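Please look through the model shown below before reading the report that follows, which takes up a few of its features one after another.

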Amino acid sequence: MRGEPTNTLPDGVRAMWLCEDAIGMLVLLGIALGIGAAVDALMPWLPLVVAAAGLAHVVLVPRERYRRYRWDLHEEELELLEGVLSVTRTIVPITRIQHVSVERTGWTSVFDLVRLSVHTAAGETKIPGLEPTRAADVRDRILARLRTPDDL
Amino acid sequence: MTSEPPRQLHVAAIVVDAVRSMLQLVGGAVVIAIVQGGTPGLAAVMAVGGIGASGFVSWITWRRKTYWLDDVALHYRSGVFTPDEKVVPRARVQGVDTVTGPIQRLFGVVELRVQVPGASSSDEIVLAAVTRDEATRLRRELGQPEPAAPDARIRLGRRGLLLTALTSPQISVVVSAVAGVYALFDNAIDVEEGGEGLLSRLDSPGSVALAIAVLLGAAYVLSFLAAIVVFAGFEVERDAQVLRIRRGLLERRAQSIPLERVDGIVIVEGLARGPFGLAALRLETAAHGGEKAVTRTLLPLVRRAEAEAVIARLVPGLAIEPGELARPPRRALRRFVVPWGLGGAALGVAPVVLWTSAAWPALPALALLGAVMGLRDYRGAGVRLAGNVVVVREVRIARRTLLARRHRLQEHALLRTHLQARASLSDLRVTVGSGGKGRARHLETATAEAAFAALRR
């Protein structure tokens, strides 16, 4: 079996995932505090548990996710390897790609990143963050390999 | 670039449109009138008002609907205040279907549906009423080959139709519909009599069981009738390039699907059909993603033992030699049985918690049923590469065998959870153009990796 893909994500993605997960955990903590305040004495330990689990999640998960993520653009296909506890290795043949979009949102540009998303008849597949110049390069390489999209 | 002048739909389109919105309006009006405790007179007034209003609106919108062809595309413009123009390049047309409902038949016209690739059926262009000559012209212009003498043809005879309807897989949908109707009537009676709803009279296990039996019986009858209406006169034929499917009692549908656009076929063995060695065949194409299962039916009933042979006749590109699937190893058995059993147990807990502790036998019974489903899942799961075709089988509720053309897969993936990795097991998942997926679970990692690697080009 051919080796696993080799490209890692830029450092910014780790920071972005860390921030995203931290915000998500703060929201959950807020909800837990709200519940704790509304139904007193029922579950006074709930906010503590959520805070502890949230902290552990934020410390461990984004880092591991980042460390394990790999991608590669081969001659004929795009390959992604992602996940921590559940690992998925995906192949998207380039001939099946209908269009490629490079997405920049306010949030991604804070980290000076863009998302690359390839669309097929079955749906879309994303690389969560790339440097803008790298993304443009990948997009151009995919487009160069796409022949006439007559055959779906 | 040459472009023909915009054309209007046949006037029958007004009637089609009006009747459609009327059915909704009138239904709504009658329900409102009954629930509000109004008189039949009020209901009638509202119904007549609804007819007038929908007729008028339909006429206005008809006037603004136009379509035309130019060198490269079919254009369709509609909308009164904010006209909306859909453009489908000729080269992207996946198929042209016709639907002939009772109203269209009355006017001697047909409804034309231009299928485009994509996951949403709202992307397609629907011309609600055009004359038969115009339909022929559009079909020719959009590059749909004229029917040649068929190379293969299969009809669903009267007996087949009856069997299809008796083992109709749409029961679950109808159960929810009947439950909805029941709730509505329950409410209505509640309001009119000022008494208690029917539900609250179900105080003994016997009456509950009876109510459930009646509900299921009604659902079954409705499902039976629906299947008759939808699949009556079903026939499928194939010439050198195109599959053509015709079906329907009140509303006659003719679909044409170019063979080269068929990504795969799923052999579906439902709970009602599997035990009798029967199955249905469903098409996977990029044009039919997101559409109802019935629209994707290649054949509503086939003997399971003959399924592969029938597929080979209808879609030669999916013909495979007989052979065995690579199956999950023995040690994966508990990974199938335990989750299913726990799922069954969880279902069994619900009535005990929500209703009465006397329902406790449901728990072991459902857990056992779950475990049996898990065993069925284990025995069904597998994958096989047969020349240009990949076969993936899995059990959800029905047993589904996906036959897909390897070179038309949209995506394929190897999946492994932490627990699977320790037991060196992996899943293999393939995705076809409709967005449909086939997943062979808990395979030996070496087997899954070999298949994964072979599917790369």
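## Where the chains meet

How many residues of chain B are in contact with chain A? There are 21 residues of chain B in contact with 20 residues of chain A, two residues being in contact if their C-beta atoms, placed from the backbone, lie within 7 Å. This is a predicted model, in which local features need pLDDT of at least 70 and side-chain atom pairs count only at pLDDT 80 or more, while totals for chains, interfaces and linings use all residues. Residues are numbered from 1 along each chain as its sequence is written, and chains are lettered from A and ligands numbered from 1 in the order in which they are written.

On the side of chain B that touches chain A, the elements giving two or more residues are strand E18 (411-417) and helix H13 (445-454) of chain B; here helices (H or I, at least four residues) and strands (E, at least two) are DSSP runs, numbered from the N terminus. The largest share of that side, seven residues, comes from E18(B). By class, that side has eight nonpolar, seven polar and six charged residues, where Ala, Val, Leu, Ile, Met, Phe, Trp, Tyr, Cys and Pro count as nonpolar, Asp, Glu, Lys and Arg as charged, and the others, Gly among them, as polar.

## Two helices of chain A

In chain A, the axes of helix H1 (residues 11-38) and helix H2 (residues 46-68) come within 9 Å and cross at roughly 170°, the axes being lines fitted to C-alpha atoms over the stretch in contact, with angles from 0 to 180 degrees between N-to-C directions. H1(A) and H2(A) are therefore roughly antiparallel to each other, a term for angles over 145 degrees. The residues of their contact divide into 18 nonpolar, three polar and four charged.

## A helix of chain B

The buried residues of H2(B) are Gly50(B), Ser54(B), Ser58(B) and Trp62(B), where buried means 20 or more other C-beta atoms within 10 Å of a residue's own, exposed 12 or fewer, and partly exposed in between, with C-beta atoms placed from the backbone.

## Two positive phi values

Most residues other than glycine have a negative phi. Phi of Ser424(B), however, is near 40°, and this residue is found in the loop between helix H12 (418-422) and strand E19 (425-431) of chain B. With 13 C-beta neighbours inside 10 Å, Ser424(B) counts as partly exposed. Phi of His442(B) is also positive, near 55°, but His442(B) lies in strand E20 (residues 437-444) of chain B and is buried, with 23 other C-beta atoms within 10 Å.

Methods: Angles under 35 degrees count as roughly parallel, over 145 as roughly antiparallel, 65 to 115 as roughly perpendicular and the rest as oblique.
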